[in-house]
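Hello,

Here is the structure I promised to pass on. Please open it first, then read my notes below.

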Amino acid sequence: MIEHDVVVIGGGPAGLAAAVAARQAGAEDVCIIERDKRLGGILQQCIHNGFGLHIFEEELTGPEYAQRFIDMARQWGVHSMLDTMVLDITPDRMITVVNNRDGLQTIKAGAVVLAMGCRERSRGALNIPGTRPAGIFTAGTAQRFVNMEGFMPGNQIVVLGSGDIGLIMARRLTLEGADVKMVCEIMPYSSGLKRNIVQCLDDFGIPLRMNHTVTEIHGKERIEGVIIAAVDQNRKPIAGSEEYVPCDTLLLSVGLIPENELSRSAGIQLNPITGGPVVDESMQTSIPGIFACGNVVHVNDLVDNVSTESAIAGKAAAMYDLGMFDESKAGIKVKAGPGVRYIVPNAINLTRVDDAVTLYFRVDNVYEGAVLRVSTDKSILFNIKKKIMVPGEMQHIKLKKSFLGKQGDISDIVVEVAGEAN
Amino acid sequence: MTTRNITCILCPQGCNLEVTVDGDSVIQVKGNACGKGKSYGAEECLDPRRVVTSSVKVIGGEYPLVSVKTAAPVPKAAIWDCIRAINAASVNAPVSIGQVIIENVAGTGIDVIATRNVAKSDDIVKEKICI
């Protein structure tokens with residue numbers, strides 16, 4: 001049987017940062033298992049710029065950001081098994097893998113870091129009625145075709161969903177000569193960054209139709225058009241507002257879901273809101289010795305945050321393997337109060353915190369001029385006035401260990417929005 | 001004197017800026033909630049620039065394409081000329097990050113550089129197993 005001190009599942013930005021941090025924290029034998037032929041994960045197809053402003057203080061493209069971490073992994077002597085699929089993880093950290101070189105193998109890990117990332121929601125998840133022709137892609141699939149394989153998915157394009165990948169692809173396909181007719185967004189606001197709306201749509205005159213969705217797909221062999229309609233406050237199509245838009249391609253940018261088949265089969269407790277594992281301040285899941293980080297836990301907007309969070313997981317995994325991880329229970333529960341959709345981490349063990357713990361969360365609506373309130377089961381800790389908060393931009397609050405230590409014997413920390421939604 | 005309406009991109013608030021320009025100088029910026037918005041509005045009206053990213057055909061590489069970017073932001077008006085030059089270009093493998101693919105693209109004085117390493121197609125098998 002193969003043994004490694006720390007096994008990291010997934011070689012994207014989360015896995016790379018976790019593996020490097022595990023080595024830096026003293027784990028000697030760290031191995032990344034990656035199902036693709038190369039490390040780097042989804043960053044390799046994100047050829048646009050805007051990555052790394054926080055960590056490297058410069059604007060890198062996805063492949064450049066990935067390469068920085070691949071180089072670090074090399075320097076720190078991180079091992080990797082590429083082209084290898086993980087089939088199963090047990091609670092006592094036995095990992096079953098398969099590849100076409102060695103067949104089926106079992107690996108014993110001193111600690112495990114889950115870094116499998118997320119997947120795009122597809123047409124099936126939306127239940128759009130109509131025929132089932134070719135020409136319907138998730139935005140990420142189209143991105144891989146255009147940026148890595150050199151294929152155009154089509155010429156006349158409608159994008160459903162204004163997530164960042166959809167916006168980025170609207171620009172990318174326009175630059176490659178396609179006619180991007182519109183981006184439809186069922187919500188009254190976009191989940192994409194303002195910067196992407198301006199630089200990907202406005203720059204090229206691509207209309208963004210808020211409160212609109214695709215209600216029907218037309219075409220037999222290949223998609224020939226879609227019917228779009230305005231929606232009411234309950235996101236139901238408004239009769240009479242239907243409009244036929246001819247197109248040969250429909251791109252879906254309608255959300256991402258953490259990829260947790262392995263976590264589920266290991267019996268790890270998942271958060272029903274995020275779909276990712278419930279984790280503590282060290283990114284430890286409900287099973288001791290199994291840690292999780294990055295988009296497998298919750299979908300991030302910035303890769304910089306993924307790297308930061310994953311370094312915590314990698315370090316903790318190394319400590320666990322070395323027998324230096326304080327295994328006492330995390331005593332403080334962290335809860336999402338009114339206006340907060342979810343929060344990570346879900347629990348804090350103060351003795352394991354070095355200096356501070358950062359809470360990451362998303363609000364459930366657009367709030368202007370609202371107040372973020374952080375309280376414990378004993379008292380209100382503080383209020384922060386926020387000019388604007390939108391669900392598409394993750395919020396974070398840093399809590400100093402020294403500050404939390406002064407609050408006495410607390411059992412809960414709650415973050416809530418005090419104020420009206422717009 | 002002309003007035004332009006632009007959306008500020010610096011934060012999710014997305015202020016609608018009204019920028020009044022007279023020739024080469026900005027007379028006033030209205031609608032900005034902060035100081036940063038003011039300078040963004042001025043810059044975006046006088047000299048809007050973008051980093052152009054795309055991909056270039058690779059000959060004899062492990063991948064058919066290599067991702068590229070302009071090494072610095074180019075004037076917005078030159079985006080399409082940059083894209084045409086990028087589409088016409090090709091490069092022989094191996095390619096390394098930072099390698100200049102097109103010098104002085106579209107007369108902007110800015111190079112197009114590779115943002116990814118691409119090995120020769122016959123070299124991949126050797127390094128496939130471990131990094």
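Read from the N terminus, chain B runs β-β-β-α-β-β-β-β-α-β-β-β-α. That makes three helices and ten strands. Keep in mind that this is a predicted model.

Next, the overall form of chain B. Its C-alpha atoms fill a box of roughly 60 × 30 × 15 Å along the principal axes. The radius of gyration is 20 Å. A compact globule of 131 residues would come in near 14 Å.

How much of chain B is buried? Of its 131 residues, 41% count as such. The chain exposes about 6700 Å². Carbon and sulfur atoms supply 50% of that area.

Now contacts and charges. Take the contacts in chain B with a separation of 6 or more: 47% of them come from residues 24 or more positions apart. Chain B carries 14 positive side chains and 13 negative ones. The centres of these two sets lie 5 Å apart.

Strand β24 of chain A covers residues 367–376. Eight bridges join β24(A) to β25(A), and the two run antiparallel.

Over to you.

Best wishes

Definitions and conventions. Residues numbered from 1 in each chain as written. Chains lettered and ligands numbered in written order. Predicted model: local features only at pLDDT ≥ 70, side-chain atom pairs only at ≥ 80, totals over all residues. Heavy atoms only, no water. Pairing = 2+ DSSP bridges. Helix = DSSP H or I, 4+ residues; strand = E, 2+ residues; numbered from the N terminus. Rg over C-alpha atoms; globule rule 2.2 N^0.38 Å. Buried < 20%, exposed > 50% of the residue type's maximum accessible area, 1.4 Å probe, protein only. Contact = heavy atoms within 4.5 Å. Areas by Shrake-Rupley, 256 points an atom, 1.4 Å probe, with all protein chains shown as cover. Lys, Arg positive; Asp, Glu negative; His and termini not counted. Charge placed at Lys NZ, Arg CZ, Asp CG, Glu CD.
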